[in-house]
Amino acid sequence: MDRITIRGGNRLSGRLQISGAKNAALTLLPCALLTEEKLTLTNLPRLADVDGFGHLLNELGVSTTVRRGQGDLIGREMTMSAKAIASTVAPYDIVRKMRASILVLGPLLARSGEATVSLPGGCAIGNRPIDLHLKALEALGAQIELTAGYVRATAPSGGLRGGRINFPVVSVGATENALMAAVLAQGETVMENVAREPEIVDLSRCLVAMGAEIEGIGTDRLVVRGKTSLHGAEYEVMPDRIEAGSYACAAAMTGGDLFLAGARIEDMEAILAGLREAGVTVESQTDGIRVAADRRPSSLTLSTAPFPAFPTDMQAQFMAMLALAEGTSVLTETIFENRYMHVPELARMGADIQVHGRTAVVKGVEGLVGADVMATDLRASMSLVLAGLAAEGETRVHRVYHLDRGYERLEEKLSAVGADIERESDS
């Protein structure tokens, strides 16, 4: 198993290209199931989760062709063709490794009238039920059966039909599944209290490019007028706001100056507001964002919440930054109940953090010290890398396969802006 070794203390400076968004890519890939024609996604990040989703699509009968990206986009292009659905079963062996696999449920059901999908896996960051996904599909006429670890959904005779979906709480995944099902349902579907994350907007725009009719994009109310079929399209995956936020924290922690090429300020307002409040310089420039720091960050009080508030996927990275801040910070995690697993590992490096239920109190220290630490999930892994970049001495981050799920060419990108970082084998 691989590990990442970091010799900390280097100031990061230069241009760092932001990749296509992992969370957007995993939402756009299942759109290929909605049409007999070809769907091409550009700026697709090279990540383990993207590869895994590609394998799942292959299992369902989708042919995939991958090409190297063009120009400044360092990702890939993938052309998918689902001329015929060969299988409507998403098996346990694939789905257990990646929670996003549940997003084939809505498209398969809408296109084929049935779908059988294993209950999902993913990072162990807390309870992530799919009941809202299922209730939304039931509102479109689907019959749902849970058996032997699988969800089996069947559409009524004649296919799904439009309906009214009012989510009791905001759910990104349920919004995505319901939206992909509704675009092929008969009649009009009204969706209330939907998630507004930029990745939802990206999905909506891709579906519109394929011929879907969707009103209210970017708001908490979507109106979808179903089509009998969608056509092919070419669509560019949005830049990864979480990757950009992570590297912004790296600049703040190392007294660095980074130009995050491709990052979009409109997708990151809560993240950037937090950085500014911490005393970090943030400037919107042509084709990217500049982030610079010349002193220790200031302490913050932050609470995670659905977009447009501060994202849960940035909580761990901000905690690593605030471990070095002047003063005491308070972070409250409202989305997942088990998302502080990085705290004991940061403490091994000298961080002073106390957890009380869903709240973490972070007393800033003047410096961190390198240590052997263990990654527990994707964003926790990045928080340890960030801590290692700023720490004195050598840090070894173990179980970095989590990082490969969400950060494209991490060592290469960080090395190019001054980090002393390399991947090694534990064997």
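User: Where is Lys 135?
Analyst: Lys 135 sits in helix H5. Keep in mind that we are looking at a predicted model.

User: Thanks. Is Lys 135 buried or exposed?
Analyst: Lys 135 is exposed, because its relative accessible area is 52%, and exposed means over 50%.

User: What about H6 and H7, how do they pack?
Analyst: H6 and H7 (residues 198-209) pack at an angle of about 10°, and their axes are 11 Å apart. H6 and H7 are therefore roughly parallel to each other. On the H6 side the contact involves Val 172, Thr 175, Glu 176, Leu 179 and Met 180, while H7 brings Ile 200, Leu 203, Ser 204 and Leu 207. The classes in the contact of H6 with H7 are six nonpolar, two polar and one charged.

User: Let's switch to the inside. How many residues are in the largest nonpolar core?
Analyst: The largest nonpolar core has 74 residues, and Leu 29 and Leu 207 have the most contacts inside it. H6, which spans residues 172-182, gives the most to this core, with six residues.

User: What is Leu 29 in contact with, leaving aside neighbours within four places in sequence?
Analyst: With those neighbours set aside, Leu 29 is in contact with Leu 41, Leu 44, Val 50, Phe 53, Leu 57, Met 78 and Met 80. There is also a second, separate core of 69 residues, and among its members are Leu 275, Leu 300, Ala 325 and Leu 414.

User: Why would side chains like that gather inside?
Analyst: In general, nonpolar side chains tend to be buried together in soluble globular proteins.

User: New topic: where does Arg 46 lie?
Analyst: Arg 46 is in the loop between strand S3 (38-44) and helix H2 (48-59). With a relative accessible area of 31%, Arg 46 is partly exposed. The C-alpha atoms of Arg 46 and Arg 409 are separated by 8.0 Å, although these residues are 363 residues apart along the chain.

User: One last pair. How do H8 and H12 cross?
Analyst: The axes of H8 (residues 241-253) and H12 (residues 378-390) come within 9 Å and cross at roughly 25°. That makes H8 roughly parallel to H12, and their crossing is right-handed.

User: Which residues of H8 and H12 meet?
Analyst: Ile 242, Ser 246, Tyr 247, Cys 249, Ala 250 and Met 253 in H8 meet Arg 379, Met 382, Leu 386, Ala 387, Leu 389 and Ala 390 in H12. The contact of H8 with H12 has 10 nonpolar residues, one polar and one charged.

How values were computed:
Residues are numbered from 1 along each chain as its sequence is written. This is a predicted model: local features need pLDDT of at least 70, side-chain atom pairs count only at pLDDT 80 or more; totals for chains, interfaces and linings use all residues. Side-chain values use heavy atoms; hydrogens and water are left out. Axes are lines fitted to C-alpha atoms, for helices over the stretch in contact, and angles run from 0 to 180 degrees between N-to-C directions. Helices (H or I, at least four residues) and strands (E, at least two) are DSSP runs, numbered from the N terminus. Angles under 35 degrees count as roughly parallel, over 145 as roughly antiparallel, 65 to 115 as roughly perpendicular and the rest as oblique. A crossing is left-handed if the near helix is turned anticlockwise from the far one by less than a right angle, and right-handed if clockwise. Contact means heavy atoms within 4.5 Å. Ala, Val, Leu, Ile, Met, Phe, Trp, Tyr, Cys and Pro count as nonpolar, Asp, Glu, Lys and Arg as charged, and the others, Gly among them, as polar. A nonpolar core is a set of buried Ala, Val, Leu, Ile, Met, Phe, Trp, Tyr and Cys residues joined through side-chain atoms within 4.5 Å. Buried means under 20% relative accessible area, exposed over 50%, partly exposed in between (1.4 Å probe, protein chains only).
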